[in-house]
Amino acid sequence: MRRQIPSTTALLCFEAAARCENFAQAARELNMSQSALGRQIQGLEAQAGQTLFRRARQRVHLTGAGRMLLADLSPQLDALEAAFYRLRTRDNPFGALNIGTYPTFGSRWLMPRLAELAREQPRLTVNTITYMSNAEVDPALVDLAIVQGDPPWPGFRADPLMPETLLAVAAPSLMPAPAEDPDRLLEQPALQHRTRMQSWEIWFASLDRPLPARPQGPLFGQYEMLIDAARYGHGVAILPEVLIRRELAEGQLIPAHPHACQTRSGYWLLTPQAKAGTSRIEKTRAWLLAQGQRES
């Protein structure tokens, strides 16, 4: 069945004229005559059965129908342009690549490694896209994404990147020495991350002990703030070891208990299924997996 879609030329003429609010300027932008652009828009209006512009002297203004079409059309043209760019550069090992990550993981684990990648592949441009939860990972925006959790990941190829270790930590001013009894940790405020509310329960379960009481303490939306709160003595936190190596090495945080919990759900590297096989994505994927292998 034949699709009832106007020509791409007509749509591009409409979008340029709507943006410029001037047919002559839009025609110059598209490298065509003003009369040719006007014919394209007239044909589009005839096909739509709607008037898209009001003509007023040297300028034109969108009608209600025109504003509706522009709002729907602009993101579609952007997506079409991006899709063709991905197709055109599919086998090019260089160019731009978007890696998705959580903000704190990105700044503390990924960014130092991207500096090494830049030295190895100076013609590759890596952009970072951040998200706060796994539900925000958009396969249209990312070429690769690092997440923590459990598979499956619909629409993505998933590779295990590295395991995760959770530590109970506190500032030395709050707990000068590790507690022998893990229950004593809950005598202090329990700092928690909004997206990892089960961390305390998971840590206690790895000791084969039930959580003695519901953790009471402030919630944080970003690990960076949670780490700072623990560093400044606001309470005890269960934190991924990979995020606090600097604080542990400098003594700003110390283990509040000697137990280290290896979680079942580690970090994964995701590739959108539609983008698998692209040269620069596959090359960077292999490089990141090698980086993660060093952590195992």
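Predicted model: local features only at pLDDT ≥ 70, side-chain atom pairs only at ≥ 80, totals over all residues.
A word on conventions: residues are numbered from 1 along each chain as its sequence is written, and side-chain values use heavy atoms, with hydrogens and water left out.

Let me begin with the cores, a nonpolar core being a set of buried Ala, Val, Leu, Ile, Met, Phe, Trp, Tyr and Cys residues joined through side-chain atoms within 4.5 Å, where buried means under 20% relative accessible area, exposed over 50% and partly exposed in between, with a 1.4 Å probe and protein chains only. The largest of these has 42 residues, and those with the most contacts inside it are Phe105, Trp109, Ile146, Val147 and Leu239. If we set aside residues up to four places away in sequence, Phe105 touches Leu110, Ile146, Met162, Val242, Leu243 and Tyr267, contact meaning heavy atoms within 4.5 Å. There is also a second, separate core, of 21 residues, which includes Cys20, Leu52, Phe53 and Leu62.

Now to the helices, which, like strands, are DSSP runs numbered from the N terminus (H or I, at least four residues, for helices; E, at least two, for strands). The axes of H5, residues 103-120, and H9, residues 279-293, come within 12 Å and cross at roughly 130°; these axes are lines fitted to C-alpha atoms, for helices over the stretch in contact, with angles running from 0 to 180 degrees between N-to-C directions. H5 is therefore oblique to H9, given that angles under 35 degrees count as roughly parallel, over 145 as roughly antiparallel, 65 to 115 as roughly perpendicular and the rest as oblique. On the H5 side the contact is made by Trp109, Leu110, Arg113, Glu116, Leu117 and Glu120, and on the H9 side by Thr284, Trp287, Leu288, Gln291 and Gly292.

Glu15, in helix H1 (residues 8-20), counts as buried at 16% relative accessibility and, leaving aside neighbours within four places in sequence, is in contact with Leu70, Leu73, Ser74 and Leu77. Cys13 also lies in H1 and is buried, with a relative accessible area of 1%; beyond its neighbours within four places, its contacts are Leu30, Met32, Leu37, Gln40 and Ile41. Gln192, for its part, lies in strand E8, residues 190-193, and counts as buried at 8% relative accessibility.
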